[in-house]
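Please open the structure in your viewer and display the side chains.

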Amino acid sequence: MKRKIIFSLAILLMFACLLTSQTNFHIASASTLAQNLTITGNSTIYATPDRAEISARIETLDMDNVKSKNENFEIFDKVVKALIDAGISKENITLDYYSSYPNYDYNNGKTLLGYHTSTTFSVCVDNLDIKSYVDILTENGVTSINSVTYSLSNLDSVYNEAIKKAILNAEEKAKFLGYENLTAIGLKEETVYSSGSLYRSYSE
């Protein structure tokens, strides 16, 4: 299953330029006046992800609290061993969350159903044959797959390429408007979240 990651970048680029006294600029003084020009540059990079993080959960329920916990960790150990046998290093398996609490049925006067234990963990993989890893997880006792998140190992280089293209786009817009020999004077990063894509915004 091939997926594409869309890396979009918007840059608000501040240029230093000189505006001479002309009627259309409505500048009263006849002397040369230094001004700043703000132009938005955009770029989009399409990249194929080469790694993924699978988030999974193990849930157990038993009337005995200790048995519920022990069974849960036994399943987790079994899953970890199966993943290591499949070539996943132990460093790429992370225990994210653990909880254990009594589970009641309040429809029948707070009847104890058992002690619920939940373990959430994540697995980082470089092979994007996700189905094979999902099979390993579910066949060894994992209750549910929470999510699969794709990413790039060369994110910095893709990001730098997006910056260069966005700056070039801003410069081309400035030239189209008739401003030549402009000098960029700064960029400022803003955090922007966009579903389904890697997105960063720069502004001055």
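The stops below concern aromatic rings and their surroundings in a predicted model.

The count of aromatic pairs comes to three. Begin by selecting Phe 73 and Tyr 98, which form a stacked pair with 5.1 Å from centre to centre and 25° between the planes. The planes are under 30 degrees apart, and therefore the pair counts as stacked. Now colour helix H1 (residues 65–85) and strand S4 (residues 93–105): Phe 73 lies in the helix and Tyr 98 in the strand, so the pair ties together parts that are 25 residues apart in sequence.

Next, select Phe 76 and Phe 121. These residues form an edge-to-face aromatic pair, with 5.4 Å from centre to centre and 70° between the planes. Phe 76 belongs to helix H1 and Phe 121 to strand S5 (residues 111–125), so this pair links distant parts of the chain, 45 residues apart.

Display the surface at this second pair. Phe 76 has a relative accessible area of 11% and is buried. Phe 121 is buried as well, with a relative accessibility of 0%. Both values are under 20%, and therefore both residues count as buried.

Definitions and conventions:
Residues numbered from 1 in each chain as written. Predicted model: local features only at pLDDT ≥ 70, side-chain atom pairs only at ≥ 80, totals over all residues. Heavy atoms only, no water. Phe/Tyr/Trp six-rings, centres within 6.5 Å; stacked < 30°, edge-to-face > 60°. Helix = DSSP H or I, 4+ residues; strand = E, 2+ residues; numbered from the N terminus. Buried < 20%, exposed > 50% of the residue type's maximum accessible area, 1.4 Å probe, protein only.
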